[in-house]
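Thanks for asking me to look over this model.

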Amino acid sequence: MSIFRARGNSTVVTPQYTGLQVQTASSALPIPIVYGVSRLAPNLIWADHFQTFPEYTSQGGKGGGQSVTGYTYSTALIFGISEGPISSIGTIFGPQGKKTLSDFNFSIFNGTTPQSTWGYLTASYPASALAYQGTALVASSSFDLGESASIDSIAFEIYGVLSTSGVVNALDADPALVIADYLTNAQYGVGFPAGSIDATALYGASGGCSYQTYCQASGLAFSPCLTDQEPANTTLARWLQLTNSAAIWSDGRLKIIPYGDAVVTGTLKTGQAVTFQPNTASAYDLDDDDYIYDGSGDPVTISRTDPYSASNVVRLEALDRANQYSPTTMEARDQNAIELYGLRIASTITAHEFCDTAMAAISAQLILQRGLYIRNTYSFRLSWEYCLLEPMDLVTLTDTGLGLDMVPVRIIEIEEDTSGLLTVTAEEFPGAVATATAYPVPTVTNTPINRNVAPAPVNTPVIFEPPSDLTGGSPQIWVGLSGGVSGVADPNWGGATIYVSTDDVTYAEIGTVSSPAKQGILSVAVTAASAIPATSQLNANFTESAALVATVGVNATNPALCLVGGEIIAYSAVSLSGAYTYSLGNLQRGYVGQQSGAHAVGVPVLCLDSAVFHYVFPQNLIGQEIYLKFASFNIFGVAAQDLSTCATYAITPQGSGIFGPVAQSLSQGTALDEGAASLAVTESDTYGFASDPYTDTIDLGLASDNPTMLSVGSGGTGASSAQAARANIGAAASGHNSDIVSLTELGGIGINTAVDTSVNLLSVKSKSVLFDNVGGGVQLIVDKAATSDSGSILYQTGYSTRALAGLLSSDRYRISVSAAGTSFTQALDIDPGTGHVGLAGYTADSNNALGIAGTSFLFTASVDSCRFTFNKAATANDASLTFETGFSARALAGLLGSDGYQLKVSPDGSTFFQVYTVDQTTGNLAIKALVSAASYTVATLPTGVNGALAFASNGLKVGETTGGGTGVIVAFSNGSWRRLSDDSVVVA
């Protein structure tokens with residue numbers, strides 16, 4: 001079967017090709033060079049052994065036979081990859097998603113020199129058996145071409161030259177090593193002498209100023225994939241631009257020098273820190289004594305670029321390794337320059353050397369800063385004495401006419417004329433513009449669809465025999481299937497092909513499931529239907545199948561079915577209670593004649609809908625063990641699981657789904673004469689195996705029906721219809737049955753009153769109701785479905801509610817009262833977490849054991865005294881009254897941290913001032929604050945009591961004259977207000 005072909009049979013015969021439809025072979029393409037890890041499309045360099053495979057479809061009818069409906073093809077081939085040796089090949093990108101070498105039956109040849117010849121060529125095509133020295137290859141002796149006889153789009157992730165050299169990350173190559181290899185490699189290099197490269201400038205360690213140290217500290221590494229021919233200097237110039245560096249020729253050697261102008265520290269993949277220390281020392285400090293000046297112009301000339309011509313947005317197109325090497329544009333922009341001079345976007349730079357977008361962002365920022373902030377160019381002439389200067393050297397310039405004072409510049413060009421004079425061109429050296437901050441880089445995270453993704457095997461399937469009520473009388477096995485691992489559904493699981501065997505050796509396909517069944521487990525135990533009280537709902541978790549149970553269309557007139565353990569249960573209400581967790585309500589237990597037992601947590605649950613597979617099996621298999629296997633396939637209908645890896649599940653059918661001949665006649669109402677007892681048996685029926693869990697009930701009719709079917713004497717129900725028969729439970733047409741054990745599924749009960757079937761299914765009209773115990777306690781349980789519902793007791797006058805008590809729309813116990821039954825006032829609230837109480841509309845909180853909302857409070861004596869007691873546990877505790885404004889304390893009175901009575905006040909609730917304390921052993925009062933006596937004039941001093949104090953504002957102090965009193969403290973004694981100083985009566 002082709003791995004490129006979709007499942008299913010085609011109804012149209014495709015044409016038969018006679019050879020490979022080649023679109024990817026060329027002898028004129030250069031052999032690529034791959035550094036680091038990048039993506040590369042291969043080139044077909046050899047193909048042969050083209051084969052055709054017809055596809056057949058069985059024909060129906062008496063004669064049978066097969067017909068050809070299409071063809072698939074394969075070929076042997078060799079793909080040329082790149083210059084070798086490479087390290088390995090990672091992901092293969094094809095139309096069916098990501099794959100590996102083994103998926104294509106590929107062999108890899110890394111491109112070593114020498115390289116062994118492919119064994120298949122040597123044996124089958126010796127004339128073509130070439131070793132292809134130094135070229136990395138992949139080869140397949142049977143490459144699947146699908147139905148098109150052509151090679152689909154395919155690309156390889158190549159771990160190329162120096163892919164293990166990266167120290168910034170584990171994939172991209174060290175730029176210093178790449179440049180050296182590109183220039184000097186004997187196989188594919190440009191032939192540059194290794195001795196002509198300045199190794200000191202190229203390589204270095206932490207703390208140095210080499211090109212290698214700069215790249216490592218700045219977080220720069222790349223994976224160039226050279227697929228096109230171009231001049232070597234063009235390639236080198238692009239790499240140097242991307243890494244913010246320059247190449248110079250000095251003293252017979254090539255030097256690579258970074259533009260880095262500030263200390264940079266980075267972290268390698270090992271966690272080790274590396275620091276670039278730039279050389280910022282000036283080679284010469286030049287002034288007017290050094291310049292060659294001929295009087296025709298200024299000794300130093302300056303040119304400055306127009307800021308409106310400088311680009312303030314730089315875009316760099318990289319390949320995003322995290323997104324299948326998709327071209328991704330990284331942008332660097334200077335918002336300040338944009339606001340000053342308007343948007344100036346530079347031409348997009350193609351930088352497919354970068355496969356890490358974070359590195360591409362750093363490079364773009366460096367290019368932006370260099371183009372935007374290096375704007376001044378200086379030109380001056382020097383004598384031959386300065387011949388040791390070279391480009392990238394730093395000097396300082398002093399020119400009083402231009403206002404230059406020791407200004408640092410970087411030399412970018414030196415020209416020597418015939419007389420030995422040097423014309424020097426330099427650029428400004430502002431510092432810190434050749435260093436970029438590594439900002440977080442958002443990347444595209446979408447992943448192309450992998451159509452060949454392997455599906456998970458099936459979860460433990462639910463396999464059972466349904467009763468005849470559900471099969472229409474045919475023998476069937478029902479299977480519920482879903483796919484997942486460890487109880488979690490697999491989103492890639494698309495279904496399974498079902499196979500059956502009678503010997504567990506030879507299997508035959510019997511059908512396919514193309515969607516998961518609603519399969520889960522009980523999350524809450526279910527009691528037996530005969531228990532008191534019976535369970536009214538079941539809770540199941542369907543996480544293993546990620547099932548969404550339908551909540552629409554399921555109601556009392558249209559119930560749905562589910563299998564719980566071995567019991568089929570009908571339900572007519574569905575509610576979602578959590579992620580893939582449902583509550584199935586309004587249960588009908590023992591739906592098809594089973595015993596309705598209890599079921600524990602974790603018991604399998606299966607919704608019996610159209611997603612369940614039905615297998616109608618031959619009746620000769622009843623009582624014989626059969627075996628089932630389920631081969632999963634993915635959501636695209638491919639990547640089917642190998643049958644040999646599938647688990648085996650066994651079942652012995654009981655024939656639950658069929659009627660015997662006698663039972664069938666009885667169920668259809670056919671007259672059945674079993675003959676005289678003296679005659680031989682003419683009709684027989686096993687009525688199923690004893691192990692069958694279902695009990696088929698055959699309705700033989702009511703007493704009022706045709707008497708030829710059943711004659712019933714006085715023991716009949718006396719009812720004229722099935723509905724009346726269920727309602728009239730008695731020994732005759734009237735009366736009652738005194739030995740009724742239980743009543744279930746009743747529409748309602750009315751005791752001494754009519755049933756209110758719309759609201760109150762139990763209606764009692766009585767002076768009192770007794771709930772007596774059966775040897776222990778007795779409980780009246782009021783249960784609600786959800787926290788937001790109410791579970792309460794209502795007290796009414798004339799069926800108009802006057803009080804509510806219970807869990808009112810919450811889980812807090814509350815009592816609310818009403819004068820007219822329309823609006824309610826909360827009288828009591830109890831916090832369920834603490835038991836704290838709130839009265840008169842106050843909602844209880846966790847801090848205050850009692851809270852009361854009101855404007856006044858009365859405590860009155862019931863007999864004689866009325867006492868309000870504050871008790872504390874220990875002397876160091878508080879027993880006090882707190883007076884607050886806006887719930888912020890302003891005064892405290894009581895036993896505050898001691899047994900002495902105190903009064904404290906506060907302006908803000910945080911800082912308190914002590915007013916007085918009273919010693920509990922002596923009763924002595926200690927005033928801790930200033931005391932201000934009431935102020936009066938001498939004439940207005942009130943009648944006092946002995947010991948009273950006041951301030952006479954115009955009273956005469958000793959020595960003051962009449963009318964000139966400035967005030968004095970006075971005390972009332974012996975019928976007069978007297979000065980404290982001399983006990984004389986105070987006068988004005």
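The numbered points below go from the whole chain to a few local regions.

1. A word on the source: this is a predicted model, in which local features need pLDDT of at least 70 and side-chain atom pairs count only at pLDDT 80 or more, while totals for chains, interfaces and linings use all residues. Residues are numbered from 1 along each chain as its sequence is written, and side-chain values use heavy atoms, with hydrogens and water left out.

2. Overall, the protein has 10 helices and 56 strands; these are DSSP runs numbered from the N terminus, helices being H or I with at least four residues and strands E with at least two. Of the 988 residues, 38% are buried, where buried means under 20% relative accessible area, exposed over 50%, and partly exposed in between (1.4 Å probe, protein chains only). The accessible surface comes to about 53,300 Å², and 53% of that belongs to carbon and sulfur atoms. Such areas come from the Shrake-Rupley method with a 1.4 Å probe, and for residues only the protein chains shown count as cover.

3. Do have a look at helix α4 (residues 211–218). Eight of its eight residues are buried, so α4 is largely enclosed by the rest of the structure. Among them are Tyr211, Tyr214 and Cys215. Just after α4, Gly219 takes a positive phi of about 75°.

4. Strand β32 (560–564) is mostly covered, with five of its five residues buried. Ala560, Cys562 and Val564 point one way, and Leu561 and Leu563 point the other way. β32 pairs with β33 (residues 567–571) in the antiparallel sense over five bridges; two strands pair if DSSP finds at least two bridges between them. Ala560 stands opposite Tyr571 in β33. The two strands form a hairpin with two residues between them, and Gly565 in the turn has a positive phi of about 65°. β32 also pairs with β36 (residues 604–607), antiparallel over three bridges, and here Leu563 stands opposite Leu606.

5. Is Ser545 buried or exposed? Ser545 lies in the loop between β31 (537–541) and β32, and it is buried because its relative accessible area is 6%. Leaving out residues up to four places away in sequence, Ser545 touches Ser482, Ala489, Pro516, Ala517, Lys518 and Gln519. A contact here means heavy atoms within 4.5 Å.

6. With β55 (residues 968–973), β54 pairs in the antiparallel sense over four bridges, and Phe951 stands opposite Ile969.

7. Finally, there is a nonpolar patch on the surface, with about 1,100 Å² of accessible area together; its residues include Leu746, Phe771, Val778 and Tyr795. The elements that give two or more residues to this patch are β40 (749–751), β41 (762–764) and β42 (791–797). Patch residues have over 30% relative accessible area and no salt bridge; like charges are joined within 9 Å, and nonpolar side chains (Val, Leu, Ile, Met, Phe, Trp, Tyr) within 5 Å. A salt bridge is a side-chain nitrogen of Lys or Arg within 4 Å of a carboxyl oxygen of Asp or Glu. Val778 is found in the loop between β41 and β42, and Val778 is partly exposed, with a relative accessible area of 46%.
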